Amino acid sequence: MNDSRPVTAHAVPIAIDGLTVRYGRKVALDAVSLRVEHGAVYALLGRNGAGKSSLVRCLLGQQKPDHGRVSLLGLDAWRNRAAAMRRTGVVPEEPDAPPGMNVKSLAAFCARLYPTWDHDAVEQRFARFGVPRDVPFGRLSKGQKGLVSLALALGHSPELLVLDDPTLGLDVAARRGLFEELVGDLADRRTTVLMTTHDLGGIEGIADRVGILRDGRLAVDEEMEALKSRHAETSSALEEIFLAVTGEGVEARR
Amino acid sequence: MTGMLTLATREVMERRTVLIAALAAGLMPFASPLFPGVTAARVADARDVMALVVAAVLGISVALLVGASVVGRDLAEGRLGFDFARPLGGLAICGGKFLGAIAVVLLVVMLALAPTSVVGGGIFSTSIPSSIGPIATPLGFMLIAILLLVPLAHAVGIAFRSRSGWLTLDLVACAVVLLVAATAARRLLVNQAPRLLTVMAVLSGLLVILALWIASVVQVTRGRTSLRSGHRAMSIALWSMLLGGVAVLDGYTRWVIAAGPEDVITASGFSAPRGDWAVVYGTAAGRGDFEPMFLVDTASDRFVRLGSATFWGGVEFSDDGSRAVRLETVDGEGDRFELQVVDLDTERPAMRETTLSFPVERFGSALSPDGRRFALLQGGSLSVFEVDSGKTLAAMRLPDPPAAENVLTRLAFQGADRLRVYTVTASLEIHELAVGSRALTTISGPAASCAWSALSWTPEHDRLLGWSECAGLSLLDGRTGTTLVDILPRKRFHGLLLSDGRLVLTGTEAATGMLELFTRDGVLVRTLDLGPGDRVVVGGEAEPGRLVLALVSGPEFRTDRSRLLLVDLDAGQVEELAEGLVPAASPTRWRSARPSPRLFYRGTALVRFDPRTRQEHPLAGR
Amino acid sequence: MALLLHIDPADATPIWKQIQDGVRRLVASGGLAPGAPVPSVRELSRDLRINPATVAKAYQRLTEDGLLTVRRGEGTYVAEEPKAMTRAERLRILRDGARRYTSLAVTIGSTSPEAVQEVRQAWDQLERGAQRRDS
């Protein structure tokens, strides 16, 4: 692996300390702390309403925490969002590219924003995904939209990749294409990844650290291997572990 | 910077269809010949007008639509995260989107005007003459409209899309701002300061535009992808600026109308016939075209505010100097006057309302010497009222009420019980009313071949002096109404009736001041040379037979190039009193028994000067 | 090769160990001949949709154990002479597998003769398969 990017010494890709978010009286996140080290793939799990969306918004500098600090690549997410985004790729939960622009113009738009944009690599990705270049984004299928979002996120060779439920609503082929692309990128560049997902089976092999949010707190924050071996007696499938931790339906399944 | 421009370009490109539609709309004016009433000669003008109308309508609607959607729609549909996930700063995102929006509106207007201007229309050169200067062109207005409508539509859009409680705050704050602004505006309007109001309106408009833009930027940079936090930040920013601005506006207008006599710059005024009180008014420092008016006690620093200077006939003193009255339009009802009165002999004089009010029509009025009775001639009806109680003491119609508008009407009390009414239509009519018995006697005077424009009388009403274009000065016997003598004076000569009935003519000829003295019967007995000068301004009789007047040099009305003279009419001597003073003339109700002159102008200042002691002290103005 | 490795992410065994054991099994059974090329880390991780770091870890251990060799510029290959396993190593692996197999059998309520019978059948199948390949 050839990694000629300058390593920012001491800058952990993601460092969240005591993150608290409140909406009126409701506490969405309660002093959550987590770290994602270089090259790690972190899977953040949690039921709907557990605080995942708030965490991702604070992580990407789109929401100001009520307490605590969020730093991306050593930069404060809220105050230095633009600088952090220069080195971060984001795949959102809902595809949010302007629906009127076609793939070609989207790539051209992004190319002007990043000095590190790799035009050829992006073109190769589009070819691999089989995405038509001149169809407006709004008219692509959900799967194609997701793949295009990933291609745009990877286009500037980011050090950090944040994916928010990237496989939601994707068909099998798109899902597989997405994971293959992700894994290929991991193999080539040792990217740091944080992914929130409901697709527990899909990330079981990819994630090396798991966090489970429950009622605004991080109930689990552990290496995948360690987590599985701890639950080896009962069931080591991530899905089972998740159900056990979030306390839903365990008795019924037993 | 590149990020902002890239984003702006994207916003414009996304709205290509709107631009094409604008160009198509720009072709509509070419259908102007099809409109009814458009002749071949006026086709070009009709086309230009149509093009302007199309461009304006299109410009305004697109400004509103684009303003409401450029950020708001992306936010509501969850697509603003795309831009926030790029290396674009908050200001770049905001700037790029709004720059794009403005560019779209400008392009729409230009494209709508393009076809017509290519054919040689004069739209770009038309301008509307006004005091606002270069921005009063169609393009200037459109630019202002764009700068106002885009952020306004955006703010309103955000407020309604967010569906949060902040909308209530917005509505309440908006109502408060509008209310305070309207009150401040009304304060200036009621006090006759339209130019100041215009300046305030323009400044307020600029503040509103600035506040809307700042609030919009705050909404994007602080709210980011959240509609609710964006609305919150926007409302706080917007209303703190507007409430602050409107508070300053309100405070300023209050300060303006709270002017005191010491604030007056160019002072004018006149004094009561007796006593120390005077009316002072004029422009004030920092207050634009607001001219405050006061009743001032020249012997102390007491004063009564009278609002804004209306016209000279506004305030009238009683002869004994104890009271002043004025007729003011009733608040809110523009069609009635009400009589207000102030007692000047009290410790803290203040204007108070009486129960008397009259319709706004031409009228003649008089105040009794003690100020207790008020006479009014209006529409042929003569009435006498008791001021304090409002009781009608007499009311009757004149035998031949004057019909025409431009009829000279003068009323004068002789003592508290006798009222003299002078009207000049085809002839001079003199009526005398005994208030107690309500008996009216009429004496007819000489026929008038042309309209009279002035009339004055001695205190006993035994001599009258009238002025008309055709007959000149007419000296009449006040008892019988017969003309004693008609004098056609030299050009620019003015006549003055002395308290003993003698007539004085003053004026300048060949840059020399001249004075002519006539007997009670109109016989010239003396001519005096007053010295070099361009104008004579008469003050009045300091003592019987001793006249105060000024000989003024130069064309200016308020000047200190003047010599104040005391003329002893019997001895025929002219004495210089002071330099640089000009008598402050009384209001236009010419009558004799002019108050002994006490107020004088020195340049733009008003001073009190005693002709006997030669003592001068400043009253108002700088 | 990915398909032959039977990787189960849900299993408690770490994936790198599953890969390691799987490769070992293939080499032992003859599914991978000595000197044969194996997929690169990138290829295998893509095929399995497994974190490349995991694959890399497995390959590293296999290389240390002498089962795989890396030829600079050419790729990764099965070693020509795979190091012979010591008896102790062999027994340890068998014991480990046996323990897991029996606890699984107990869980599903199987009897000892039934479970042993299955082992015998699986062994026969493998031998028959290997014989078929050699012939």
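This is a predicted model: local features need pLDDT of at least 70, side-chain atom pairs count only at pLDDT 80 or more; totals for chains, interfaces and linings use all residues.
A residue counts as buried when its relative accessible area is under 20%, and B:Cys94, at 3%, is therefore buried.

Chains B and C, by contrast, do not touch, since the nearest C-alpha atoms of the two are 26 Å apart.

Two packed helices are described by the angle between their axes and by the distance between those axes. In chain B, helix α3 (residues 43-69) and helix α6 (residues 90-118) have axes that come within 9 Å and that cross at roughly 165 degrees. Because angles over 145 degrees count as roughly antiparallel, α3(B) is described as roughly antiparallel to α6(B), and the crossing of these two helices is right-handed. On the side of α3(B), the residues that make the contact include B:Arg47, B:Asp48, B:Ala51, B:Leu52, B:Val54 and B:Ala55, and on the side of α6(B) they include B:Ala101, B:Val104, B:Val105, B:Val108 and B:Thr116. Sorted by class, the contact of α3(B) with α6(B) comprises 15 nonpolar, two polar and two charged residues.

Helix α6(B) also packs against helix α1 (residues 2-14) of chain B, where the two axes come within 7 Å and cross at roughly 40 degrees. An angle of this kind makes α1(B) oblique to α6(B), and α1(B) passes α6(B) in a right-handed crossing. Among the residues that meet here are B:Met4, B:Leu5, B:Leu7, B:Ala8 and B:Glu11 in α1(B), together with B:Leu91, B:Ile93, B:Gly95, B:Gly96, B:Lys97 and B:Val104 in α6(B). The contact of α1(B) with α6(B) has, by class, 12 nonpolar, three polar and three charged residues.

Turning to the cysteines, the structure holds one disulfide over all chains. This disulfide joins B:Cys450 to B:Cys470, with an S to S distance of 1.9 Å. The torsion about the S-S bond of B:Cys450 and B:Cys470 is about -95 degrees, so the disulfide is left-handed. The pair links distant parts of the chain, 20 residues apart, with B:Cys450 placed in the loop between β16 (439-447) and β17 (452-457) of chain B and B:Cys470 placed in the loop between β18 (463-468) and β19 (472-477) of chain B. With a relative accessible area of 21%, B:Cys450 is partly exposed, and B:Cys470 likewise counts as partly exposed, at 39% relative accessibility. B:Cys174 is partly exposed too, its relative accessible area being 30%, whereas B:Cys94 is buried.

Two further residues of chain B illustrate buried positions. B:Phe317 lies in strand β5 (residues 315-317) of chain B and, at 5% relative accessibility, counts as buried. When residues up to four places away in sequence are left out, B:Phe317 touches, among others, B:Phe270, B:Ser271, B:Pro273, B:Trp277, B:Val279, B:Leu295, B:Arg323, B:Leu344 and B:Leu367. The C-alpha atom of B:Phe317 is separated by 8.8 Å from that of B:Pro369, a residue 52 positions apart from it along the chain. B:Asn191 is found in the loop between α8 (166-190) and α9 (194-223) of chain B, and with a relative accessible area of 12% this asparagine is buried. Apart from its neighbours within four places in sequence, B:Asn191 is in contact with B:Ile257, B:Phe290, B:Gly307 and B:Ser308.

In chain A, attention falls on two loop residues with a positive phi. For A:Leu73 phi is near 55 degrees, a positive value in a residue other than glycine, and this leucine is located in the loop between β4 (67-72) and β5 (75-76) of chain A. For A:Asp215, which is likewise not glycine, phi is positive and near 50 degrees, and the residue sits in the loop between β9 (209-214) and β10 (217-223) of chain A. In accessibility the pair can be set side by side: A:Leu73 counts as buried, at 4% relative accessibility, whereas A:Asp215 is exposed, with a relative accessible area of 64%.

Definitions and conventions:
Residues are numbered from 1 along each chain as its sequence is written. Chains are lettered from A and ligands numbered from 1 in the order in which they are written. Side-chain values use heavy atoms; hydrogens and water are left out. Helices (H or I, at least four residues) and strands (E, at least two) are DSSP runs, numbered from the N terminus. Buried means under 20% relative accessible area, exposed over 50%, partly exposed in between (1.4 Å probe, protein chains only). Contact means heavy atoms within 4.5 Å. Axes are lines fitted to C-alpha atoms, for helices over the stretch in contact, and angles run from 0 to 180 degrees between N-to-C directions. Angles under 35 degrees count as roughly parallel, over 145 as roughly antiparallel, 65 to 115 as roughly perpendicular and the rest as oblique. A crossing is left-handed if the near helix is turned anticlockwise from the far one by less than a right angle, and right-handed if clockwise. Ala, Val, Leu, Ile, Met, Phe, Trp, Tyr, Cys and Pro count as nonpolar, Asp, Glu, Lys and Arg as charged, and the others, Gly among them, as polar. A disulfide is a pair of cysteine sulfur atoms within 2.5 Å.
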